[in-house]
Amino acid sequence: MAVVLEILRGAASGAFLGEALVLVACVGISVILGVLVGWSWRPRWASLSSEFLNRENNDSLNRAFPNSSASASAGASSVLSLNPLNLQLPSWVSRSAEGISEAPIFSNPPTSISDSSSSRGERDKSNLVNGDDLEHLCRLVEVKDGGPAWIQMMDKSVPTMSYQAWRRDPETGPPQYRSRTVFEDATPDMVRDFFWDDDFRSRAKWDDMLVRSSILEECHTTGTTVVQWIRKFPFFCSDREYIIGRRIWESGRSYYCVTKGVPCSSIPRRNKPRRVDLYYSSWCIRAVESGRGDGQLTACEVLLFHHEDMGIPWELAKLGVRQGMWGAVKKIEPGLRAYQRERALGAPRSHCAFLAQINTKVSPDYLKSLESSGKEDPSETEARDEPRKPLVPKLLIVGGAIALACSLDRGLLTKAVIFGVARRFGNVGRKL
């Protein structure tokens with residue numbers, strides 16, 4: 001009896017009530033988060049069930065109006081237009097009273113893009129990636145963009161390649177990554193062509209996430225191109241589509257290569273693959289001294305700056321990047337060596353590699369003027385990966401993972417992966 005009274009007195013206290021409210025709030029947020037993410041990754045049977053309901057409604061209207069086929073067709077069209085599923089469909093999906101048919105997947109560049117005068121007036125290819133993008137990349141290279149301090153994540157090497165990586169978390173937007181890779185016995189021209197060559201990237205499988213690529217637009221004056229990428233994501237995510245504008249500036253033996261997501265009204269959006277709008281991935285490629293200590297500029301340095309919003313929680317994306325970064329980077333070095341061998345044997349350049357040689361030349365003095373106009377970085381010395389509080393409470397992570405796994409309804413294997421990520425996050429939270 002005394003124990004019961006003690007519990008009741010504790011329940012009446014404000015501290016217990018506060019803890020209970022915090023617990024309820026965390027669980028509620030977790031459930032809402034899981035439902036929202038689960039609906040965005042809803043299984044195929046959800047779409048099929050909506051289509052089945054449409055057909056049932058059409059059959060009911062036909063039975064109700066057997067002598068008026070026009071009225072039945074009009075009624076069926078009204079039902080289809082009010083269906084929430086149809087409100088989400090892009091313009092290339094045809095709607096009819098008999099059902100919904102999907103247009104074939106785009107594979108070849110449409111000829112109407114370059115031939116249409118209205119399209120040329122709407123978008124100037126040379127201005128898709130312009131001087132502002134070059135200025136921004138120069139400030140990133142010189143660590144004068146005014147962003148948060150970089151936190152070092154990795155420092156690894158193999159005999160012919162060294163690799164360092166940093167990360168920072170801006171106040172808004174996805175995590176940003178910076179890396180420095182040095183390839184021995186490689187020239188900037190070769191490395192530039194290697195990263196630009198989408199054909200070899202797919203054929204050699206050094207980037208095994210790239211399923212398909214195509215050139216949509218190209219400018220033979222500045223070398224600016226617009227490309228479409230379809231990238232394969234893990235089995236519990238749908239593939240992603242990227243519409244990327246890219247351009248190269250040359251200054252001496254240095255190349256400033258900008259690639260970023262650009263709008264493209266001529267390519268309709270689809271539910272699958274899901275389009276990634278926020279995408280930025282740019283390099284500075286230049287000759288540096290070899291690590292052998294002979295003082296010769298026989299090595300090539302690649303400074304990469306990358307961020308994108310893939311449509312998955314940023315904390316989960318950061319964990320995936322940290323776990324899989326070195327495994328992906330190690331594939332680049334043998335891919336580059338294979339590319340060098342092909343070129344040494346006289347293999348012809350692909351069209352992408354040909355476009356990589358059309359560069360906009362700028363003087364070093366102009367680049368220095370761009371760099372000097374930037375803001376000083378708050379921390380010139382990159383911080384090591386230092387302890388800090390987790391951004392998301394452990395209870396919220398675990399609860400969200402449970403709700404997400406239950407809403408996906410894609411089998412035990414997917415749920416096991418999500419629970420494993422949540423458990424790993426919990427362990428990270430305890431360490432931090």
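**Strands, helices and loops of a predicted model**

Visitor: Is Val143 buried or exposed, and what is its relative accessible area?
Guide: The terms rest on relative accessible area, computed with a 1.4 Å probe and protein chains only: buried is under 20%, exposed over 50%, and partly exposed in between. Val143 falls in the buried class, as its relative accessible area is 9%.

Visitor: What pLDDT do side-chain atom pairs need in order to count?
Guide: Residues are numbered from 1 along each chain as its sequence is written, and side-chain values use heavy atoms, with hydrogens and water left out. This is a predicted model, in which totals for chains, interfaces and linings use all residues, local features need pLDDT of at least 70, and side-chain atom pairs count only at pLDDT 80 or more.

Visitor: Where is Val143 found, and what is its phi?
Guide: Val143 belongs to the loop between helix 9 (131-141) and strand 3. Helices (H or I, at least four residues) and strands (E, at least two) are DSSP runs, numbered from the N terminus. Although Val143 is not a glycine, its phi is positive, at about 55°.

Visitor: Which class, buried or exposed, holds Lys205?
Guide: Lys205 also has a positive phi without being a glycine, here about 65°. This residue sits in the loop between helix 11 (198-204) and strand 6 (210-218). Its relative accessibility is 54%, so Lys205 counts as exposed.

Visitor: How many helices and strands are there in the protein, and what share of its residues is buried?
Guide: The protein contains 17 helices and 13 strands. Of its 432 residues, the buried share is 43%.

Visitor: Among contacts between residues at least 6 apart in sequence, what percentage join residues at least 24 apart?
Guide: A contact here means heavy atoms within 4.5 Å. Among contacts between residues at least 6 apart in sequence, those joining residues at least 24 apart make up 65%.

Visitor: Why is strand 11 described as largely enclosed by the rest of the structure?
Guide: Strand 11 spans residues 279-288. The description follows from burial, because the number of buried residues among its 10 is eight.

Visitor: Which strands pair with strand 11?
Guide: Two strands pair if DSSP finds at least two bridges between them. Strand 9 (residues 254-261) runs antiparallel to strand 11 and is joined to it by six bridges, with Val258 opposite Ser282. Ile285 has Val302 as its bridge partner in strand 12. Antiparallel pairing over 10 bridges links strand 11 to residues 299-308, which form strand 12.

Visitor: What separation do the C-alpha atoms of Glu289 and Glu184 have?
Guide: Glu289 lies in the loop between strand 11 and strand 12. Leaving aside residues up to four places away in sequence, Glu289 touches Gly295, Gln296, Leu297 and Ala299. Glu184 is 105 residues from Glu289 along the chain, and their C-alpha atoms are separated by 9.1 Å.

Visitor: What joins strand 3 to strand 4, and what is the bridge partner of Ala165?
Guide: Six of the eight residues of strand 4 (residues 161-168) are buried, so the strand is largely enclosed by the rest of the structure. A hairpin through two residues joins strand 3 to strand 4; the two strands run antiparallel with seven bridges, and Val158 stands opposite Met161. Strand 4 also pairs in the antiparallel sense with strand 5 (residues 176-184), over eight bridges. In strand 5, the bridge partner of Ala165 is Ser179.

Visitor: Which term describes the orientation of helix 10 to helix 13?
Guide: Helix 10 (residues 188-196) is mostly covered, with eight of its nine residues buried. Axes are lines fitted to C-alpha atoms, for helices over the stretch in contact, and angles run from 0 to 180 degrees between N-to-C directions; under 35 degrees counts as roughly parallel, over 145 as roughly antiparallel, 65 to 115 as roughly perpendicular and the rest as oblique. Helix 10 and helix 13 (residues 332-344) pack at about 110°, their axes 10 Å apart. That makes the orientation roughly perpendicular.

Visitor: Which residues of helix 13 make the contact with helix 10?
Guide: Helix 10 contributes Met190, Val191, Asp193, Phe194 and Phe195. From helix 13 come Ile332, Gly335, Leu336, Tyr339, Gln340 and Arg343.

Visitor: What is the omega of the peptide bond from Lys272 to Pro273?
Guide: Pro273 is placed in the loop between strand 9 and strand 10 (274-276). The peptide bond from Lys272 to Pro273 is cis, with omega near -5°.
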